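Here's a quick tour of the model below. Have a look at it first, then read on.

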Amino acid sequence: MSDPSNRAPLSGVVVVEHATSVAASYAGRVLALMGATVIKVEPPDGDPLRREGASLHAECGVGPLFAYLNVNKSSVTLNLGLPEGRAILGELIDRASVFLDDTAPSDRARLGITPDEVARRCPELIYVSVLPFGAIGEHSEYRGYELNLFHAGGEGYLMPNGLALEMFPDRPPVKIYGHFAEFNGGTSAVCATFAALMVQQEMGGQFVDVSVQDVNVAISCFAIQQLGEGTLENRHERSFKYGGVLECCDGYVQVLTLEQHQWEGLVKLMGDPKWALDPELKDPLDRGRRGKLINLHLRAWAKMQLVEDVVKRGQALGVPLAKYAEPDEILESEQTRVREMFHKVPAAGLGEIPVLAAPYQFMLPEKLVFCAVQPGADNARVLGEWLGHTASDLQRWAGAGAS
Amino acid sequence: MSAGNRGINKPLQGLRIADFTVHAAGPFSTHLLALLGAECIKVETSKRLDVFRKPHPVYGRMEAASFAQVAANKKSVQINLKEPRGVELAKRLVAVSDMMCESFRPGVMERLGLGYTALKAVKPDIVMLSVSACGQTGPERSYAGYAPLFGATGGLGTLTGYKDGPPVELRHVMDHSAGLNAATVALAALFRKKRTGLGLHVDLAAREVATSFIGDALLQFAATSTAPGRQGNDAANKAPHNVYPCAGKDSWVSIAVATDMEWRGLAGALGRPDWLTNPKYAEAGTRWQNRKDLDAEITAWTCDRKREDVARMLQAAGVAAFPSYTSQDIVDDPHLNQRGAIQSLNSPEGQSRKVVGPPWRFSRTPGSLDTWTPKLGEHNQYVFGDLLGLTRDEIDTLIREKVIY
């Protein structure tokens with residue numbers, strides 16, 4: 001390759017993704033964006049995630065989650081219930097640097113992909129297992145979707161806080177939108193993949209056991225730390241003493257004043273009202289004790305404010321204030337445009353639609369491409385051209401239901 | 001050949017990080033890299049103590065924390081960056097490091113003379129990671145931000161909450177998700193450096209991390225002009241899908257059913273074969289439409305059972321179910337302890353405490369959590385003396401003159 005400074009970190013690295021979970025699919029997405037060649041192995045009727053949610057468009061045939069998770073990947077179909085399908089998977093793994101898999105541990109023997117078998121066959125391969133509760137331990141066969149994993153990691157018990165909790169104190173805890181726990185599981189798998197790649201040259205391959213629960217416990221470490229200090233957190237007591245979500249006349253903002261100067265800025269922003277200048281509110285500990293009273297005033301004041309205006313004026317005074325942005329605002333904001341967060345991606349029946357690449361400015365690909373509408377659209381290119389099988393092999397496998 | 005024979009025990013062994021990060025997101029990213037074996041040198045100052053070294057009334061902590069997870073496995077040095085000689089020390093530290101991380105507001109490092117260009121001059125192949133709320137560029141680059149704020153601007157907080165309620169503020173998990181992404185992109189940059197010999201400045205915006213969690217919703221909006229909105233615990237194609245009360249105060253179990261096989265497992269485990277033929281529930285589509293009625297029926301079954309029993313019973317029937325874990329449940333969980341995701345760590349005074357271990361298990365080069373939160377400046381002598389070659393007298397002078405401070 002020409003100029004190494006333009007080379008993506010994973011250029012030339014082949015990843016075989018055999019996965020139907022959101023976590024492992026997200027890991028494959030990030031690896032693809034980092035420049036890897038990601039070959040997604042699907043069952044002949046396609047990854048079940050293709051059918052999750054309403055289709056983006058009749059011609060598209062897939063929902064938004066699948067479309068988002070599977071950019072810049074090739075799709076091949078294999079029936080791993082048949083020996084031919086398993087043999088081709090073996091050939092793909094032979095040619096890969098990384099194997100991303102979310103098969104339940106007890107099913108791996110049936111598919112010939114136990115960690116030992118794979119290590120014997122491909123000693124240089126990095127085998128990244130991504131499972132809800134990991135590959136070992138008494139819960140390793142447990143099933144777990146986003147909701148379960150969010151609660152298994154500890155944050156589920158602690159949501160919501162603040163205004164939502166005050167309004168609905170008796171409701172069950174509420175989850176974070178979408179696939180928060182599972183995307184974090186996927187990012188954790190990418191982190192581990194890079195770590196293993198860092199020593200692959202010296203150490204060869206290895207088995208990396210990634211658990212979605214483990215990483216969610218890790219990101220909830222503050223609650224574990226608080227426990228060590230003698231506090232068992234719960235959602236009622238965890239709420240900020242004052243501030244938080246405020247309803248304005250045209251939407252919601254978030255305010256959080258952790259430092260004295262931020263509180264003083266907020267008082268100024270409110271126009272130095274008499275109640276806020278009370279000497280009893282000067283000290284942060286006293287303010288904490290009078291949080292309910294402060295909130296009464298804050299909320300009444302916020303109701304008279306316009307979101308854009310109050311955020312701009314507040315930030316100028318050093319007050320941590322932010323708008324609860326709606327999807328259209330994120331897509332169209334000046335900040336978004338300047339940072340080129342979204343790529344225009346052609347989608348069947350829709351023309352070009354904006355897709356978020358990654359949350360960092362770093363060697364991202366020039367182009368994003370949705371995964372093919374048809375599962376196995378890349379069989380000929382990958383199994384034929386790349387693995388070197390003939391067109392008649394491909395036809396025979398398709399006829400036998402192996403691909 | 002064993003790992004030891006090849007002389008490598010950890011993935012990032014031999015790699016040094018000059019860590020200028022503060023608060024939560026940045027320090028969590030370097031903590032993860034330290035778990036992977038990097039030598040992480042945390043740069044601090046008495047002029048402005050790290051958040052865990054002082055009381056934090058907003059979180060109800062009236063004194064310094066006795067342990068800070070995100071500072072564990074790190075070394076601590078003191079540098080007063082307000083002093084020109086402090087800035088020089090910082091540059092010398094960067095010159096002997098592979099990577100430099102910071103999480104000040106954009107522009108601060110440049111003002112201090114520690115921007116990427118200045119650091120590249122002392123270490124041409126340095127990888128610099130900048131973690132900020134809104135990124136290093138754009139009209140809102142200088143906006144102040146904590147997790148609830150970048151969760152809001154990034155849209156994740158907006159879409160989180162009960163359908164008929166307000167948005168919900170996101171807490172430390174938002175910070176730490178930004179940190180996880182930061183560690184990942186830092187590793188990508190380090191791997192690229194290993195392959196090409198080239199350094200790089202990586203710019204991570206925490207609000208964009210928040211946005212990455214709603215990528216599917218943004219796609220839906222772009223394609224259909226309708227966004228999903230706040231959905232409570234609902235999920236497309238899954239019913240039941242909720243958190244159900246169990247016996248005991250504030251005790252809950254999460255249950256999620258996506259496939260017909262799981263649905264049959266649930267109906268069997270609850271002794272409700274009638275559900276399989278009831279037109280309200282038999283098909284996935286109608287089941288989703290009638291999910292509130294189904295929730296009520298499930299609640300009647302769970303409410304006087306222990307959440308562990310419910311989870312065990314349903315998992316045995318092939319249904320995804322798990323208790324809503326408190327932090328106490330997490331540290332007591334045998335599975336997490338067996339995996340090392342929860343470990344015991346001894347303080348220098350010999351007190352044992354449950355802490356969070358590495359969230360990955362590598363067969364040949366495992367990460368590890370080895371050392372307690374360092375004392376402020378605990379490694380001044382090692383870093384300034386052994387690594388940078390200052391004499392004892394020079395170090396003492398810099399301490400006296402509040403450069404090492």
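What share of the contacts in chain A between residues at least 6 apart in sequence join residues at least 24 apart? The figure is 71%, with a contact being two residues whose C-beta atoms, placed from the backbone, lie within 7 Å.

## Ground rules

This is a predicted model, where local features need pLDDT of at least 70, side-chain atom pairs count only at pLDDT 80 or more, and totals for chains, interfaces and linings use all residues. Residues are numbered from 1 along each chain as its sequence is written, while chains are lettered from A and ligands numbered from 1 in the order in which they are written.

## Chain A overall

Chain A has 403 residues, and 57% of them count as buried (20 or more other C-beta atoms within 10 Å of a residue's own, with C-beta atoms placed from the backbone). Along the principal axes, its C-alpha atoms fill a box of roughly 85 × 50 × 45 Å.

For secondary structure, chain A comes to 20 helices and 12 strands; these are DSSP runs numbered from the N terminus, helices being H or I with at least four residues and strands E with at least two.

## Two domains

Chain A is split into domain 1 (4-220 + 341-400) and domain 2 (240-325), with bounds from an automatic or database domain assignment. The C-alpha centres of domain 1 and domain 2 of chain A are 43 Å apart.

An open sheet of 7 strands runs 12(A)-6(B)-5(B)-4(B)-1(B)-2(B)-3(B), with mixed pairing. Its edge strands, each pairing on one side only, are strand 12 (360-361) of chain A and strand 3 (74-78) of chain B. Strands pair if DSSP finds at least two bridges between them.

At the chain B end, strand 2 (residues 39-44) of chain B runs parallel to strand 3 of chain B over 5 bridges. There, B:Cys40 has B:Lys74 of strand 3 as its bridge partner.

Note on methods
Buried ≥ 20, exposed ≤ 12 C-beta atoms within 10 Å, placed from the backbone.
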